[in-house]
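The text below walks through a model, from its chains to their interface and the helix packing. Please look at the structure first.

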Amino acid sequence: MSFISLLWVLLLGSLLGLELIGKVPPTLHTPLMSGANAISGITMLAALTLIVKAEGNVPLLIIGSVSLGFALFNVVGGFFVTDRMLSMFSRKPSNKK
Amino acid sequence: MNLPVIIKFIIDLLAVLLLALGIKGLSKVKSARDANRLAAFAMSLSVIGLLSYYLGTSGIAIQSWIWIIIGSIIGSLFGAILAKKVPMTSMPETVALFNGCGGMSSLLVALGVAIFPISSSSENLDFFKSLINQVSISVSIFVGAITFTGSIVAMAKLQGWLSTPGWTQSKVRHFVNIVFAVASLIAFFDLINGNTSSIWLLVIVSSLLGIGVTLPIGGADMPVVISLLNSYSGIAAAAAGFVVDSQLLIVAGAMVGAAGLILTQVMCKGMNRSLVSVLFGGSLSAQSTASSGSGEYTNITSCSVEECALTLEAANKVIIVPGYGLAVAQAQHTLREVTKKLEQNGIEVVYAIHPVAGRMPGHMNVLLAEADVPYEQLKEMDVVNPDFPATDVVLVLGANDVVNPQAKNDSSSPLYGMPVLDVQEARTVFVIKRGMSAGYSGIKNDLFDLPNTSMVFGDAKKVLNDLIGELKDLGVGEK
């Protein structure tokens with residue numbers, strides 16, 4: 001993949017992000033922040049790549065593994081906590097009646 | 001193109017699409033929960049895509065599998081446990097912690113690649129390519145380190161583990177931070193020049209910069225900072241995407257980076273603060289104590305819980321204005337008991353939610369939802385403001401600046417222009433507050449001086465508990 005096309009990917013991704021979050025009710029700011037935060041843990045893919053390409057280099061394997069742990073902490077924790085918050089919204093109407 | 005490449009391409013495309021749909025869905029109440037799951041699914045899909053690609057091409061060594069499994073299990077386990085255990089009131093610091101770890105991950109990836117260049121990329125090492133490689137590694141380390149230390153400081157401050165040191169409020173901090181910034185710039189260029197050892201300098205000074213920038217910021221501005229750091233962690237992920245040549249990482253990172261920026265902007269608007277003043281202004285109370293907004297209160301009416309209960313009993317329509325103080329006192333459940341009693345007596349109860357009520361925008365909605373408040377009773381500011389003149393009683397619980405009429409009437413006030421709730425237009429206003437201290441803006445609240453405002457002093461939770469007792473004595477809500 002050439003550098004220039006990666007830059008295009010970066011540009012289009014940013015524009016997509018700006019467009020997606022146009023109108024959000026304040027209610028959802030906290031869950032949205034937490035959900036977006038979970039997605040930023042996508043660096044786990046970079047950590048995985050590092051481990052796979054380490055070719056037996058133990059220090060690199062360890063760095064990759066620690067990095068993967070941090071990223072997954074972010075991803076798993078982030079999605080669970082967002083789900084917990086959102087479950088409180090959706091359960092409301094049924095509870096009332 | 002062989003088969004594994006095509007499969008990975010399709011999976012990546014699908015994952016990007018689902019992630020975008022996920023973020024989109026998260027902005028609507030109805031679809032939010034499914035959207036979150038969709039995003040989580042897209043993330044797992046992307047992992048499967050990556051692993052299957054390597055299985056189909058170079059293969060994955062058993063040793064690699066072992067380290068993958070160790071890292072995954074430990075990280076996921078801690079994340080899941082924390083997410084299940086943490087109380088809803090500590091949401092801001094939890095998001096900060098998760099966010100910091102995402103930054104740390106990007107930092108480590110870049111560090112790993114810098115110290116042990118991946119063998120395959122060293123084959124075609126033309127000058128341009130290696131330059132790009134060095135730049136993306138440096139950016140990833142720089143942003144990753146700032147995200148990590150900044151988030152950890154933010155978390156520690158929100159938890160109350162760290163206070164704001166005095167020197168950080170003086171001009172010295174600008175000097176210190178500029179030194180850190182210049183030092184990281186030097187390390188950055190040194191690194192691009194091929195001096196690998198300066199990578200450690202970059203790690204250290206950008207970490208210090210993250211601390212130096214976050215430390216002076218006051219507690220109430222912290223959500224803005226966390227949101228900004230969230231945006232940074234997206235940028236760090238995108239930079240890591242350049243390091244390992246992954247388009248998926250770049251797209252997802254850029255999306256989060258841009259979305260975080262918009263969210264930060266929205267939060268600033270709600271608090272009537274500019275991003276620049278949040279980042280460089282220090283804590284607001286320190287600078288505004290000398291300004292014209294302060295002054296003595298002349299006409300404070302204080303009243304007992306009993307009077308408050310009597311007035312509530314006679315009301316037809318009550319609006320509750322919950323704020324930061326309610327979240328800190330964790331009194332949302334007690335509040336719900338009070339409103340239940342009122343509702344049973346046929347009194348109409350509505351909650352007026354200011355966009356930045358609670359400890360983060362939208363945090364109050366989460367807290368009230370946790371206390372079983374029906375979603376329909378939560379009214380946003382623009383919807384509820386016309387209702388105040390027809391309201392008998394307003395209960396202000398731990399909110400201050402968001403109900404200050406100065407923001408509308410006094411153009412010399414630092415708060416001027418901030419959207420506020422027009423509570424003073426109601427017949428009676430009760431402000432439940434611990435003492436006469438100012439809100440985080442440090443500005444006198446004109447509302448407290450108005451003839452139709454009465455102060456009920458005390459901790460929000462204790463006052464509400466007493467209120468339940470008084471209402472019980474009056475026979476409210478017992479049928």
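What percentage of the 479 residues in chain B is made up of buried residues? The figure is 53%, where a residue is buried if 20 or more other C-beta atoms lie within 10 Å of its own, exposed if 12 or fewer, and partly exposed in between, with C-beta atoms placed from the backbone. This is a predicted model, in which local features need pLDDT of at least 70, side-chain atom pairs count only at pLDDT 80 or more, and totals for chains, interfaces and linings use all residues. Residues are numbered from 1 along each chain as its sequence is written, while chains are lettered from A and ligands numbered from 1 in the order in which they are written.

Chain B contains 18 helices and six strands; helices (H or I, at least four residues) and strands (E, at least two) are DSSP runs, numbered from the N terminus. Along the principal axes, the C-alpha atoms of chain B fill a box of roughly 80 × 50 × 35 Å. Of the contacts in chain B between residues at least 6 apart in sequence, 80% join residues at least 24 apart, a contact being two residues whose C-beta atoms, placed from the backbone, lie within 7 Å.

Chain A has four helices and zero strands, in the order α-α-α-α from the N terminus on. Buried residues account for 65% of its 97 residues. For contacts in chain A with a separation of 6 or more, 62% are between residues 24 or more positions apart.

The two chains meet through 98 residues of chain B and 80 residues of chain A. Elements giving two or more residues to the chain B side include helix H1 (3-25), helix H2 (32-56) and helix H3 (62-85) of chain B. The largest share of that side, 17 residues, is from H9(B). By class, the side has 60 nonpolar, 31 polar and seven charged residues; Ala, Val, Leu, Ile, Met, Phe, Trp, Tyr, Cys and Pro count as nonpolar, Asp, Glu, Lys and Arg as charged, and the others, Gly among them, as polar.

One helix pair spans the two chains. Helix H3 (residues 44-52) of chain A packs with H3(B) at an angle of about 150 degrees, their axes 9 Å apart. Axes are lines fitted to C-alpha atoms, for helices over the stretch in contact, and angles run from 0 to 180 degrees between N-to-C directions. H3(A) and H3(B) are therefore roughly antiparallel, the term for angles over 145 degrees. Leu48(A), Ile51(A) and Val52(A) of H3(A) meet Ser64(B), Trp67(B) and Ile68(B) of H3(B). These contact residues comprise five nonpolar, one polar and no charged.

Within chain B, helix H6 (residues 172-192) and helix H7 (residues 198-214) pack at about 155 degrees, with axes 8 Å apart. That makes H6(B) roughly antiparallel to H7(B). Their contact includes Phe180(B) and Phe188(B) of H6(B) and Leu202(B) and Val205(B) of H7(B). The contact residues divide into 14 nonpolar, five polar and two charged.

The largest nonpolar core has 191 residues, of which Met255(B), Val321(B) and Val396(B) touch the most other members. Such a core is a set of buried Ala, Val, Leu, Ile, Met, Phe, Trp, Tyr and Cys residues joined through C-beta atoms within 7 Å. Its largest share, 18 residues, comes from helix H4 (residues 58-96) of chain A. Leaving aside neighbours within four places in sequence, the contacts of Val396(B) include Val321(B), Val403(B) and Phe430(B).

Key:
Angles under 35 degrees count as roughly parallel, over 145 as roughly antiparallel, 65 to 115 as roughly perpendicular and the rest as oblique.
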